[in-house]
Amino acid sequence: MTASFDEVHNRSLTDPEGFWSEAAEELSWSRRWDSVLERCDVPSGYRWFAGGRLNTCYNCLDVHVENGRGDQAALIYDSPVTDTTRRFSFRELRDEVATFAGALAAQGVGRGDRVVVYMPMIPEAPIAMLACARLGAVHSVVFGGFAAPELAVRIDDAQPKAIVTASCGIEGQRVIPYKPLLDEAIRLATHKPSTCFVLQRPQETASLVEGRDLDWSEAIAGVEPHDCVDVEATDPLYILYTSGTTGEPKGVVRDNGGHAVALKWTMRNIYGVEPGETYWAASDVGWVVGHSYIVYAPLLNGNTTILYEGKPVGTPDAGAFWRVIEQHRVSAMFTAPTAFRAIKREDPNGELLSRNDLSEFRTLFLAGERCDPATLEWARDKLGVPVIDHWWQTETGWAICANCIGIEMLPVKAGSAGRPAPGWDIRAVDEETKEVARNETGALVAKLPLPPGTFPTLWNADRRFVETYLTQYPGYYKTADAGHVDADGYVHIMARTDDIINVAAHRLSTGEMEEVLAAHPDVAECAVVGVADDLKGEVPVGFMVLKAGVARETGGIVSEVVSAVREKIGPIACFRQAAIVERLPKTRSGKILRGTIKKIADGEEYKVPATIDDPAILDEITAALRGIGYPG
Ligand code: COA
Ligand code: AMP
């Protein structure tokens, strides 16, 4: 008899060692672990699978070739923007990865060295990631939509021996040169990599710096393929930078052992897919979803994964997803609600769905931002399959809450991200870490230890890791999301408790944008607030108070700060609007009332805060917002 979800969840908390060691048996280890969960003197206070040795790339590729999956498609590159489809079997992908690992090794990259990957959605991106894993090197992928200064900060923090890039990305109809951004980032950074590998795409030829840059195809010509290098389970596999509460991005570290164990386990148990089936995460390798569910988890589980270089709309139309699902026989798909809002906006009646046969498609998973019930219901009604919202973070690497359909399909409640997944003990608490009543909003925290696959620390920042996540609620991980747990134990994620906003499911820090605005010579004070947007969920809007005596035309200042955010953070910030105001609303102690500004912009009812120093300012803010079209 199969166990119920409650039984599985209970066991994961009462016997975590038994639970996760069973999952670990599914992998190939070169040395068995000494302990499943060891309490010790590391920043988190515990480690998973200490003493165990394995190679993540071996478990993603070689093991499947050895076990008879060599001819099965491992990766399908589907690129409507270049009109290309390319299939790599597990054997072919292993060979490509081993060859690029050889090229990295020939440049002196070895176990523990960092490699920054700044690439568009082309097969060479996962090939570079897996090649690092093969060598025991630590990759740090930086999303292509970030500007040169953001890349420079990451280069300085990770100190890579090599950087891997491509000549360009393609965004819809536009070719975006990547190499000039990389050159500028290296110019800005203090740390200089010794080698840059550049994949030349036909759409753009990048100029190469003599003595530093290597053309990818020349670099791999004639090199000896490299075998897998065993690493400790607790060795880092990758660093992924994410927005934090200040302009300093946080380097989330992922280890090898716990990550492989947890991710492989999720494919069957959360996503309900069996080895051999096709799984598609329509995300980008630059985000955690791309790391976990375009690259590692599907390959660990022997699934075919899809690397899609396109958008939900415009490449060529709002039926693009349905074409991919049919053409590659996708069983389960994972994307962000914003992608479905874009499709719904262009094809509200779902007419384009009739062009394709989606009979093999079983489940749609959504995450990355709050999923509004209307979008969930539209997707469910049009596709006729369950639509599962699930909640996770870069830090966690996999879902904190989900409807684990591979264990037991529970009723779907639109507006909730489901129940805590096995391994997760989630509570809504007050400031004293006391659990609040059911349905009451609190800070969402997870009881320690977190399950395998979650981050053991921040790169080069153990103290920041402890202070940011483990100090405020002793014994618990602070998720920095607020929400409530309902009577059935379903978790509802309502808002961040810090300055993070989600723009088209991309995580951004308003504090970082404020730093850019504040650096403008005419700006005395500023605030950036995430306001509701029909398509992107939230978009940032800036408010600026000018320095006394500034007599310039205000439109010029606004366009300068808009350009500055684009140049310093990147187009992905979607910072397009700002208003100039006489004053900012503040409490008597001087705290800017960003929450009240947001409510006014969103057209929500709000109470004038008792602590406000001058309520009349709110009328000025309302007028300024009207001037730029809010509430929309
Ligand atoms: N490289 C360079 N630039 C990029 C980029 C990349 N990889 N990705 C996005 N950009 C640029 C875009 O071209 C755009 O630039 P612009 O201001 O010059 O037009 C800007 O960053 C904003 O991009 P985006 O937020 O993607 O907006 P969009 O209008 O191009 O597309 C959606 C809107 C909804 C279709 C798109 O955001 C989407 O598909 N979202 C899905 C989100 C997702 O997959 N999230 C991953 C987590 S699951
Ligand atoms: P990221 O680290 O980019 O994955 O962003 C993580 C943040 O996105 C979380 O802390 C949440 O604020 C938000 N998020 C992710 N998934 C969901 C979800 N299913 N529902 C609500 N918010 C979500």
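1. A polar contact is taken here as a pair of N or O atoms within 3.5 Å; within protein, one must be able to donate a hydrogen and the other to accept it, and residues adjacent in sequence count only if both atoms are side-chain atoms. By this criterion, a nitrogen atom of ligand 2 lies 3.5 Å from a polar backbone atom of R370.

2. The model is predicted, with local features needing pLDDT of at least 70 and side-chain atom pairs counting only at pLDDT 80 or more, whereas totals for chains, interfaces and linings use all residues. Residues are numbered from 1 along each chain as its sequence is written, chains are lettered from A and ligands numbered from 1 in the order in which they are written, and side-chain values use heavy atoms, with hydrogens and water left out.

3. Ligand 2 is surrounded by 15 residues, the closest being H390, T394, D481, R496 and R507; a residue counts as near if one of its heavy atoms lies within 4 Å of the molecule. Taken alone, ligand 2 exposes 490 Å², of which the protein buries 93%; accessible areas come from the Shrake-Rupley method with a 1.4 Å probe, and for residues only the protein chains shown count as cover.

4. T394 belongs to the loop between β20 (387-389) and β21 (401-402); helices (H or I, at least four residues) and strands (E, at least two) are DSSP runs, numbered from the N terminus. T394 counts as buried because its relative accessibility is 10%; buried means under 20% relative accessible area, exposed over 50%, and partly exposed in between (1.4 Å probe, protein chains only). Not counting residues up to four places away in sequence, T394 touches L240, T242, V252, R254, V288 and R507, where contact means heavy atoms within 4.5 Å.

5. Around ligand 1 there are 23 residues, of which E171, R174, K536, R566 and R576 come nearest. A polar side-chain atom of R566 lies 2.7 Å from an oxygen atom of ligand 1, and one of K311 lies 3.1 Å from an oxygen atom of this ligand. The backbone also takes part: a polar backbone atom of G145 is 3.5 Å from a nitrogen atom of ligand 1. On its own, ligand 1 has 940 Å² of accessible area, and the protein covers 84% of this.

6. The largest nonpolar core holds 118 residues, and W20, Y293 and Y296 touch the most other members. Such a core is a set of buried Ala, Val, Leu, Ile, Met, Phe, Trp, Tyr and Cys residues joined through side-chain atoms within 4.5 Å. Apart from this core lies another, of 62 residues, including Y118, L182, A578 and A601.

7. Strand β23 (residues 426-429) directs I426 and A428 one way and R427 and V429 the other, and all are buried. In a regular strand the side chains alternate between the two faces of the sheet. β23 pairs with strand β24 (residues 442-447) in the antiparallel sense over 4 bridges, pairing being assigned if DSSP finds at least two bridges between the strands. A428 stands opposite L444 in β24.

8. L364, in strand β19 (residues 363-366), counts as buried because its relative accessibility is 0%. Beyond its neighbours within four places in sequence, L364 is in contact with M333, T335, F340, A379, L383, V385, P386, V387 and I388.
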